[in-house]
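Keep the 3D view open as you read.

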Amino acid sequence: MNRSAIFSALALWFVMCFFVSVVTFQQGRENITQTLDENIVELGEKLTSELNRFQNVPVLLSDDPRVIHALSDPVQAKDLNHHLERWAGQLGADAIYLLDRDGSAIASSNWQQPDSFIGHNFRYRPYYQLALGGQLGRYFALGAVSQKRGYYFSYGVVSQRKIQGVVVVKVDLANAISSWPHFIDNHFVVADEMGVAFYSSYSHFPDFALAPLTPYQIQRLQDTNRYGKHISNTLVQDTYRGIFHQASGSLVNFSEDSLATVMVRHPMTDYGWQLYGFNSLYAAYERVGQAILVANGVYFLLLLAFMSWRQTTVTKRKLSDLNDQLETLVISRTHDLVESNQQLRDTLIQYERSQAELKQTQSELMQAAKLAMLGELSASINHEINQPLAAMRSYAENTEKLIARERYDLAQSNLSEIIKLNTMVAEIIARFKVFAKRTDMPTTVTSVSEAIRAAIAIIRNQLIKQGVTVKVADIDESWMVNADAVQLEQVLINLLHNAIQALQQAASPTITITTERVGHTIEIYVADNGSGLSKEAQQRIFEPFFSTKKTGLGLGLTISRRMIESFHGTLQFQAEYTQGACFVICLPCTNQEDSQ
């Protein structure tokens with residue numbers, strides 16, 4: 001973006017923030033003012049309802065015979081204390097007391113309290129004077145004895161057609177206001193008919209007059225002890241007066257560092273009071289901040305969308321030019337690609353041929369290794385076959401002599417032995433024939449125990465010649481693996497053959513074969529007690545053409561590992577074996593084995 005575009009974006013952002021702030025603040029102020037006005041009206045109605053609940057109580061009590069008799073009988077007056085205490089508790093009044101004609105309290109509900117009204121004279125109170133004149137007295141004042149603010153209802157007690165005393169009910173405004181649900185969110189101030197603010201939810205507000213009081217009004221307040229005796233300095237203050245003379249819904253400030261506050265007023269006409277409500281505009285400012293935050297988010301998203309659209313347009317134009325250039329370039333390169341593809345196809349064909357030749361070579365190499373091992377086992381073949389053939393010849397010569405002597409029973413026995421020896425020779429030849437056969441067959445299911453026994457049988461003559469003892473642990477006959485039987489036998493024979501050669505210098509040459517089931521695999525351990533392998537030999541033992549023997553080709557273990565890996569198994573050297581060498585064959589179990 002150039003400098004002009006940045007300046008335009010900032011100017012638009014500033015105008016948007018200003019407009020959002022003004023509109024949101026105005027809406028927030030209107031909502032706060034409306035809510036505050038509703039709450040103050042609700043508080044005024046609650047106070048009026050609470051006070052109206054007590055205004056007829058002194059009228060009803062003035063007709064009670066116990067109240068009338070207490071004015072003339074001191075004993076009845078003492079008994080009346082208990083009744084007044086019970087009535088005050090039931091009604092929720094702060095105090096109920098009885099004044100005689102001179103204005104002295106002769107019975108009171110708070111008779112047991114230290115600040116009891118009994119004995120105090122209240123003839124200076126307007127509510128007493130009104131009741132003595134036959135009217136329902138109504139008056140708000142600070143308690144002269146209790147120093148608690150309250151509203152007083154009074155009514156004269158008539159006896160012998162003459163007012164002999166006054167019943168007074170004092171109501172504590174604090175009890176009614178404390179249950180107001182909006183007290184925490186909103187503040188209020190209550191002013192009497194003279195314009196004196198006498199009650200406030202602000203703890204720091206003193207009693208003060210909303211307008212300067214006349215000397216007569218001050219004297220009147222002092223004579224009635226409405227707000228205490230020393231009221232000249234507390235009532236005549238100019239600190240907050242200007243606040244209360246503004247129109248309802250105006251913004252006011254209580255101090256220079258405070259937030260603006262909304263002020264509303266509500267007249268309580270039944271009692272001649274003015275109720276002022278206040279609420280801070282903090283919620284409006286908070287709403288403005290939230291609105292600006294949201295507006296900024298929307299603005300920057302739109303700005304990003306515009307920039308993205310503009311960038312996309314420019315990019316499309318550039319891409320169009322680039323496509324024209326690429327078309328020319330593609331045409332020039334197509335010929336080269338066609339030639340490259342042809343070369344790649346030729347390379348792939350050559351690779352497939354090489355793979356086929358490699359596979360063929362690997363198969364032939366395995367067969368060569370097997371035939372090489374058969375060459376080493378030729379001595380075993382001769383030994384295995386020559387002994388039965390010699391025995392057969394001896395039995396045949398004896399049979400001729402026995403037939404000549406007509407001893408046919410013994411001749412029959414010799415013929416049976418010849419047949420047995422012939423069968424044994426056939427089995428030996430078949431075993432080596434199968435081992436020498438080329439195996440390109442797919443993987444089959446092979447019994448672990450049969451493969452181990454067949455490998456030991458093929459190399460048995462070499463074991464006997466070298467004096468090697470083979471220890472085979474118990475093998476579960478049901479263990480089956482996914483492997484070709486002949487190839488597995490070839491791997492086992494190769495491991496046994498290597499172990500025999502490693503045991504040539506051992507004092508008690510021993511080969512140990514153990515098997516173990518681990519999860520879904522069968523592990524075959526072939527270990528010897530020879531001299532073992534060096535660390536270098538252990539690391540290179542499976543490398544092609546590496547051998548620890550002078551005449552070895554170094555392919556036996558390499559081919560054996562590839563055979564086992566073709567069955568998805570592993571062939572490893574166990575380095576942790578303490579004496580000699582140990583190889584581990586791991587092969588997967590068959591599905592039949594897994595289901596058992």
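## A salt bridge across the chain

Lysine 170 and aspartate 94 form a salt bridge, with 3.7 Å between the closest N and O atoms. This pair links distant parts of the chain: lysine 170 sits in strand β5 (residues 162-171), while aspartate 94 belongs to the loop between α4 (74-91) and β1 (95-100), 76 residues apart. Please bear in mind that you are looking at a predicted model.

Are the two partners buried or exposed? Lysine 170 has a relative accessible area of 0%, so this residue counts as buried. Aspartate 94 has a relative accessible area of 24%, which means that aspartate 94 is partly exposed; the cut-off for buried is under 20%.

## Other salt bridges

How many salt bridges does a search of the whole structure find? The search finds seven.

| Glutamate 50 | Arginine 53 | 3.0 Å |

In the pair of glutamate 50 and arginine 53, glutamate 50 is partly exposed at 23% relative accessible area, and arginine 53 is partly exposed at 45%. For the pair of glutamate 543 and arginine 540, the relative accessibility is 33% for glutamate 543, which is partly exposed, and 32% for arginine 540, also partly exposed.

## Strand β10 and its neighbours

Next, find strand β10 (residues 261-268) in your view. This strand is mostly covered, with six of its eight residues buried. Which strands pair with β10? Strand β9 (residues 250-252) pairs with β10 in the antiparallel sense over three bridges, and leucine 251 stands opposite valine 262 in β10. Strand β11 (residues 273-280) also runs antiparallel to β10, joined by eight bridges. In that pairing, histidine 266 has leucine 275 of β11 as its bridge partner.

## Positive phi in residues other than glycine

Most residues other than glycine have a negative phi. Two residues here are worth a look with that in mind. Arginine 161 is not a glycine, yet has a positive phi of about 60°. This arginine lies in the loop between β4 (149-159) and β5, and its relative accessibility of 86% means that arginine 161 counts as exposed.

Where is histidine 568? Histidine 568 lies in the loop between α17 (556-566) and β17 (570-573). Its phi is positive, near 65°, in a residue other than glycine. With a relative accessible area of 73%, histidine 568 is exposed.

## A buried loop residue

Threonine 590 is also in a loop, the one between β18 (582-588) and α18 (591-595). Is threonine 590 buried or exposed? Its relative accessibility is 2%, so threonine 590 counts as buried. Leaving out residues up to four places away in sequence, threonine 590 touches Val445, Met480, Val481 and Asn482.

## A helical span from the record

UniProt, in an unreviewed entry, lists residues 288-309 under "transmembrane region". In the model, this span is 100% helix and 0% strand, and the end C-alpha atoms of residues 288-309 lie 31 Å apart.

## The chain as a whole

Stepping back, the chain has 18 helices and 18 strands. Of its 596 residues, 40% count as buried. Among contacts between residues at least 6 apart in sequence, 63% join residues at least 24 apart; the bridge between lysine 170 and aspartate 94 links parts of the chain 76 residues apart. The chain exposes about 34,000 Å², and carbon and sulfur atoms supply 54% of that area.

Notes:
Residues numbered from 1 in each chain as written. Predicted model: local features only at pLDDT ≥ 70, side-chain atom pairs only at ≥ 80, totals over all residues. Heavy atoms only, no water. Helix = DSSP H or I, 4+ residues; strand = E, 2+ residues; numbered from the N terminus. Buried < 20%, exposed > 50% of the residue type's maximum accessible area, 1.4 Å probe, protein only. Contact = heavy atoms within 4.5 Å. Salt bridge = Lys/Arg side-chain N within 4 Å of Asp/Glu carboxyl O. Pairing = 2+ DSSP bridges. Areas by Shrake-Rupley, 256 points an atom, 1.4 Å probe, with all protein chains shown as cover. UniProt positions renumbered as here; feature names shortened; annotations may be inferred.
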